[in-house]
Amino acid sequence: MSKPLGKWQSQALILCAGLLLALGQAPFSFPIGVVVGLPVLGGLLLRTPNWLSGFRLGWLAGTAYFAGSMFWIVEPFFVEPEVYGWMAPFALLFLAVGLGLFWGLGFGVAAQFTGKARLMALVASLTLAEFLRAHVFTGFPWGLLAYVWSDTPVFQLLAFVGPHGLGMLTLAIGVLPLLWSNRWLRGATLVGALLAVWGIGAARLPDDPVPLRDVTLRLVQPNAEQRLKWHPDHVARFFQRSLSLSAGFNAPVDVVIWPETALPFAYGEHPRGMEMVRAAVQDTQFIGGIQRPDGLELYNTLIHLDRNGDVAATYDKHHLVPFGEYVPMADIAAKFGIYGLAAKDGTGFASGDGARVIDLPGLPPYLPMICYEAIFPGYAQVQGQRPEWLLHITNDAWFGSFSGPYQHLVQARARAVEQGLPLARAANTGVSAMIDPYGQVLQALALNTDGFADVRLTEPLAPTLYSRFGERLWIALALLLLAGAALKRPRAQERESSNRH
């Protein structure tokens, strides 16, 4: 029997396990935490005396995981450090501690069960807690466990069960081998499970490239630094750069695409600026991000110009970034000088009506997403309308240069896999990319460079299992696991009682 760990040893082990799991997120994309961190946490859960100890275990592990994977959250506060810099450490601390509570909830629920039934319960309860994290308080499903597989064939399982389902499978791979008492059986189960999911994912990947369509997009990446993007001395320079990157076609281009808020003037307020855009793209269609005032409201908007230069469609971002594009209880927050980071005038943005498919002559129908919206799996589809490609325009200059932009790219790739649709991505500072329906990057512009990429759309795949059934499959499985764990509980209690007598 192994010697029990001391309090500080145990806490250090929990923190290390959480940090190992964080290494699975981009830019490291090294899923060592699945085979080391999760078994450690599962083993510690078996030793916890009560639900409160289980909660502390999960909370501490979650805090380490989110601090390690989301330290990029400090970057937006240093765009204007003299104004917001003081908030940076508090933002990381509160975010990690707050998100860690969801892990605490998952572990605490599992600790209510007895014996090794806790492991079955943990797979379900932590997945459900992560699903809760993705929805409550407007939701924040960044850094889901599923994304640790982004550089492996296992990523393809998103097409069957989505990110939460793959997260549950990841937990099962990491902790369920502990159901065996024999360490050799544990190892064999772990290896077997890894080989199985790897094989299923590899079998889904095609032997040949996805067929290309006769539709060419020009993705423009102006690389406007966020601290200078709206500076009066630099606005014209970035605008002219975007115009230059848009003009001159060596081969036919069907549409020119600019990133989020790349147009440096408000919709309807600068006719000369729009004429310059029309002249640059000639008789080609144009899609770009702009701020759109409507009465007292201000929207983060995508506009689509047809070949004649007329506005054929608009789409307003409907899921805004809390404390970035708007501030909850803004009237009270404003008294303390707290405004949305991305709202130049301090008033914040208004929400659009919701996801929609844009279907116009000359292009296959597409579903647009603006920046933050791409982290939400449900926003990549509209009930009853299937687009033929996804479009993501974003300004990742807010996220720094190390991990944030690459994690955002992984989540965009996940949306392509889940829906079986190609995805085009135009990002201000990068990474702009053309992604095929398997989430593979076909062509990309490097981070923090300016340029353009002329890319071809690929054919879409047939609707995926996840696009048809959504979250229902994994939720049903999670409930079955909880029911199975509950059935094991009385038997375990009876055995413990008979052993005491």
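**Exercise 1.** Which residues lie nearest the centre of the largest cavity, and how many residues line it?

*Solution.* We work with a predicted model, and begin with the search of the whole structure, which finds three cavities of 30 Å³ or more. The largest cavity has a volume of about 110 Å³, and its lining is made up of 14 residues, with Ala 224, Lys 229, Phe 238, Thr 261 and Ala 262 lying nearest its centre. Sorting the lining by class gives nine nonpolar, three polar and two charged residues. Helix α11 (residues 235–246) gives the most to this lining of the largest cavity, namely four residues.

**Exercise 2.** Find which helix gives the most to the lining of the second largest cavity.

*Solution.* The second largest cavity has a volume of about 80 Å³, and the residues that line it include Thr 127, Glu 130, His 164 and Leu 171. Both α7 and α8 supply at least two residues each to this lining, but α8 gives the most, with five.

**Exercise 3.** Determine how helices α3 and α8 are oriented towards each other, and describe their contact.

*Solution.* Helix α3 (residues 37–47) packs against helix α8 (residues 158–175) at an angle of about 70 degrees, and their axes are 8 Å apart. Since angles of 65 to 115 degrees count as roughly perpendicular, α3 and α8 are therefore roughly perpendicular to each other. In the contact, Leu 38, Pro 39 and Gly 42 of α3 meet Thr 170, Leu 171, Gly 174 and Val 175 of α8; by class, these residues are four nonpolar, three polar and no charged.

Definitions and conventions. Residues are numbered from 1 along each chain as its sequence is written. This is a predicted model: local features need pLDDT of at least 70, side-chain atom pairs count only at pLDDT 80 or more; totals for chains, interfaces and linings use all residues. Side-chain values use heavy atoms; hydrogens and water are left out. Axes are lines fitted to C-alpha atoms, for helices over the stretch in contact, and angles run from 0 to 180 degrees between N-to-C directions. Angles under 35 degrees count as roughly parallel, over 145 as roughly antiparallel, 65 to 115 as roughly perpendicular and the rest as oblique. Contact means heavy atoms within 4.5 Å. Ala, Val, Leu, Ile, Met, Phe, Trp, Tyr, Cys and Pro count as nonpolar, Asp, Glu, Lys and Arg as charged, and the others, Gly among them, as polar. On a 1 Å grid over the protein atoms alone, a cavity is a set of points where a 1.4 Å probe fits but cannot get out, and a pocket is an open set with protein on both sides within 12 Å along at least five of seven lines; lining residues have an atom within 4 Å of a point. Grid points are joined across faces, edges and corners, and a volume is the space filled by probe spheres set on the points.
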